[in-house]
Amino acid sequence: MASGDQSKKRKQRYLPQNRPAKKKGAYPLKPGVQGFFISCDGGREFQASQEALNVIDSFFEELVHGTGLKVNSSGFLEKPINKKVTFSYSEDEDEDEEEGNNGEEEENKGDGNLTEVSESGNNQVNEKELAASEGSCEVKQLAENETEKNEEDEGKQKNEEDEGKQKNEEDEGKQKNEDDEGKQKNEEDEGKQKNGVDEPPRKKACMEEANASTKVNENAEMSIDKLIDAELKELGDKSKRRFMKLDPGCNGIAFIQMKRRDGDPSPKDIAQHAMTSAAATKKHMSRFILRLVPIEVSCYPSEEEISRAIKPLVEQYFPIETDNPRKFAVLYGARANTGLDRMKIINTVAKSIPAPHKVDLSNPEMSIVVEIVKTVCLIGVVEKYKELAKYNLRQLTSTK
């Protein structure tokens with residue numbers, strides 16, 4: 001017994017301040033939260049939760065900011081995605097350019113043959129003329145050399161005289177410029193004394209505008225930096241995150257909690273937008289997520305708690321005074337809990353719906369999803385559950 005007590009004591013880990021160590025990882029799933037129930041392959045819970053955070057956040061931004069693809073009420077896109085793209089540079093143009101270049105080369109070859117023939121005939125005539133003119137050219141060159149020497153001597157004398165004159169003129173110009181600069185400085189000093197050393201009004205206005213623009217740019221940069229710092233602080237602080245993963249404690253399941261703020265869309269709206277866009281675009285969104293079901297109410301799995309927690313959903317989606325009564329169905333699923341009676345839970349949910357609305361298991365307009373995970377009951381309301389492949393992302397985006 002002593003050995004058993006010692007082993008238990010050894011397992012308890014304490015910090016130096018005599019406080020128990022905090023458990024690492026996500027917080028456990030508890031009643032009173034809303035978010036998204038995600039099913040995935042066994043052993044891929046962490047990857048599925050990370051992907052779910054990115055997917056849900058992207059669709060949330062699309063709903064809030066109005067970005068992304070527009071989908072009709074029927075589930076089809078308003079504008080088709082597959083468009084015929086024509087490029088300015090194509091193979092047809094290459095072929096045309098090659099044909100044009102070949103034609104030009106052939107023409108150049110023909111011109112080259114003609115010029116070669118004409119050049120060979122002219123060379124024979126030029127040889128005779130050159131032999132006769134060689135003697136006369138030698139006499140002319142001797143006379144030209146003598147005249148060039150005389151002209152060079154005269155040009156040197158003239159250049160020396162011109163350089164002397166230019167130096168004298170430059171010295172006189174420098175003295176005049178110095179006198180003018182001194183006069184201008186004196187005039188400027190007198191003007192400043194009169195005007196009180198202020199700049200001209202036009203220049204002053206331009207400087208003020210430039211300073212104002214620089215201040216605006218600095219404020220904009222500072223505001224962007226502050227926004228980034230605030231966003232980083234929100235991401236670091238778990239209490240300010242909008243979406244956060246929780247640990248349900250079962251294999252093949254993940255749960256994303258949504259901390260809803262004023263003006264935010266409900267989990268139902270986000271999930272329905274994600275499924276309709278996935279069905280319309282067939283775009284691959286996730287590798288590990290299978291089903292993504294919105295959860296708006298969570299409680300303990302007892303008949304009293306379920307009937308009490310489902311009241312706000314009944315008032316929102318199944319009002320008593322309506323001209324268009326809706327058909328609904330209750331879908332039940334339980335994991336890691338075998339002590340509950342399935343029909344009792346379904347009957348309690350069905351009885352909480354008022355009279356004008358009817359149960360229709362074949363073609364329901366609204367489906368009430370009840371998922372029980374250990375000791376937590378998750379309830380959500382979805383539309384077009386069967387049409388959208390039971391909210392299975394992998395099946396909606398598959399091309400088969």
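**Reading a sheet, its helices and a surface patch**

Tutor: Welcome! In this predicted model, helix H2 (residues 45-65) lies across S2, strand S3 (243-247), strand S4 (253-258) and S5, and runs at about 155° to S3.

Student: Which other helix lies across S2, S3, S4 and S5?

Tutor: That is helix H5 (residues 267-281), running at about 150° to S5.

Student: In what order do the five strands of the open sheet come?

Tutor: First the general idea: strands of a sheet pair through backbone hydrogen bonds, either parallel or antiparallel. Here the order is S1-S3-S4-S2-S5, and the pairing is mixed. Strand S1 (27-28) and strand S5 (289-295) stand at the edges with a single partner strand each, so one side of each has no neighbour in the sheet.

Student: In what sense do S2 and S5 pair?

Tutor: Strand S2 (residues 35-40) pairs with S5 in the antiparallel sense, over six bridges.

Student: Does Ser39 count as buried or exposed?

Tutor: Buried means under 20% relative accessible area. Ser39, in strand S2, counts as buried because its relative accessibility is 8%. Leaving aside residues up to four places away in sequence, Ser39 touches Gly252, Phe288, Ile289, Leu290 and Arg291.

Student: And why does Leu232 count as exposed?

Tutor: Exposed means over 50%, and Leu232 counts as exposed because its relative accessibility is 52%. Look for Leu232 in helix H4 (residues 201-236). Together with Ile224 and Ile228, Leu232 forms a nonpolar patch on the surface, and the three have about 280 Å² of accessible area together.

Technical notes:
Residues are numbered from 1 along each chain as its sequence is written. This is a predicted model: local features need pLDDT of at least 70, side-chain atom pairs count only at pLDDT 80 or more; totals for chains, interfaces and linings use all residues. Side-chain values use heavy atoms; hydrogens and water are left out. Patches are made of residues with over 30% relative accessible area and no salt bridge: like charges are joined within 9 Å, nonpolar side chains (Val, Leu, Ile, Met, Phe, Trp, Tyr) within 5 Å. Accessible areas come from the Shrake-Rupley method with a 1.4 Å probe; for residues, only the protein chains shown count as cover. A salt bridge is a side-chain nitrogen of Lys or Arg within 4 Å of a carboxyl oxygen of Asp or Glu. Helices (H or I, at least four residues) and strands (E, at least two) are DSSP runs, numbered from the N terminus. Buried means under 20% relative accessible area, exposed over 50%, partly exposed in between (1.4 Å probe, protein chains only). Two strands pair if DSSP finds at least two bridges between them. Contact means heavy atoms within 4.5 Å. Axes are lines fitted to C-alpha atoms, for helices over the stretch in contact, and angles run from 0 to 180 degrees between N-to-C directions.
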